Amino acid sequence: QVQLAESGGGLVQAGGSLRLSCAASGRTFSSYAMGWFRQAPGKRRDFVAAIRRSDGNTYYADSVKGRFTISRDNAKNTVYLQMNTLKPEDTTVYYCAANRFDYGLQDITKYSYWGQGTQVTVSS
């Protein structure tokens, strides 16, 4: 098993930036692909970004391409989501998740472990 804990959420004005962090403990962090998802009230949990364990390739939802960057530091057992040019529609709870299969990275059912979520609020 792996335990995940997000941090870095908060309130920011439109056009601003935040960096979310997700610290992992338990099994070897480098054994997992990692993803970020978000879920607004009354909506489904949607894929945001993911990073492979094998080659470090990254994948993004169309809505965040060019604005968000996912990265990982295996030595620190941490995955990051750098969010730039934030928009009010980015307001929601963000969750990190671990995927041991290293495939189907946009498929929420492939992720076995989840953090508790961190709130991001973008004001206009």
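Residues are numbered from 1 along each chain as its sequence is written, and side-chain values use heavy atoms, with hydrogens and water left out. Because the model is predicted, local features need pLDDT of at least 70 and side-chain atom pairs count only at pLDDT 80 or more, while totals for chains, interfaces and linings use all residues.

Start with the charged pairs. Side chains of opposite charge can pair when their charged atoms come close. With a salt bridge taken as a side-chain nitrogen of Lys or Arg within 4 Å of a carboxyl oxygen of Asp or Glu, the count comes to 6. One of them joins Asp-90 to Arg-38, at 3.0 Å from N to O. Asp-90 sits in the loop between strand S8 (78-83) and strand S9 (92-99) and Arg-38 in strand S4 (residues 33-39), so this pair ties together parts that lie 52 residues apart in sequence. Strands here are DSSP runs (E, at least two residues), numbered from the N terminus.

Asp-90 also pairs with Arg-67, where the closest N and O atoms are 2.8 Å apart. Here, too, distant parts of the chain are linked: Arg-67 belongs to the loop between strand S6 (58-60) and strand S7 (68-73), and 23 residues separate it from Asp-90 in the S8 to S9 loop. Through shared partners, Arg-38, Arg-67 and Asp-90 end up in one salt-bridge network.

As for accessibility, buried means under 20% relative accessible area, exposed over 50%, and partly exposed in between (1.4 Å probe, protein chains only). Asp-90 is buried at 1%, and Arg-38 counts as buried at 13%. Arg-67 is buried as well. Another salt bridge, between Asp-55 and Arg-52, has its closest N and O atoms 3.7 Å apart. In that pair Asp-55 is partly exposed at 42%, and Arg-52 is partly exposed at 26%.

Now for the nonpolar side. A nonpolar core is a set of buried Ala, Val, Leu, Ile, Met, Phe, Trp, Tyr and Cys residues joined through side-chain atoms within 4.5 Å. The largest one has 35 residues, and Met-34, Trp-36, Leu-81, Met-83 and Tyr-94 have the most contacts inside it. At least two residues of this core come from each of strand S1 (2-7), strand S3 (18-26), S4, strand S5 (46-51), S7, S8, S9 and strand S11 (118-123). S5 gives the most, with 5 residues.

Technical notes. Helices (H or I, at least four residues) and strands (E, at least two) are DSSP runs, numbered from the N terminus.
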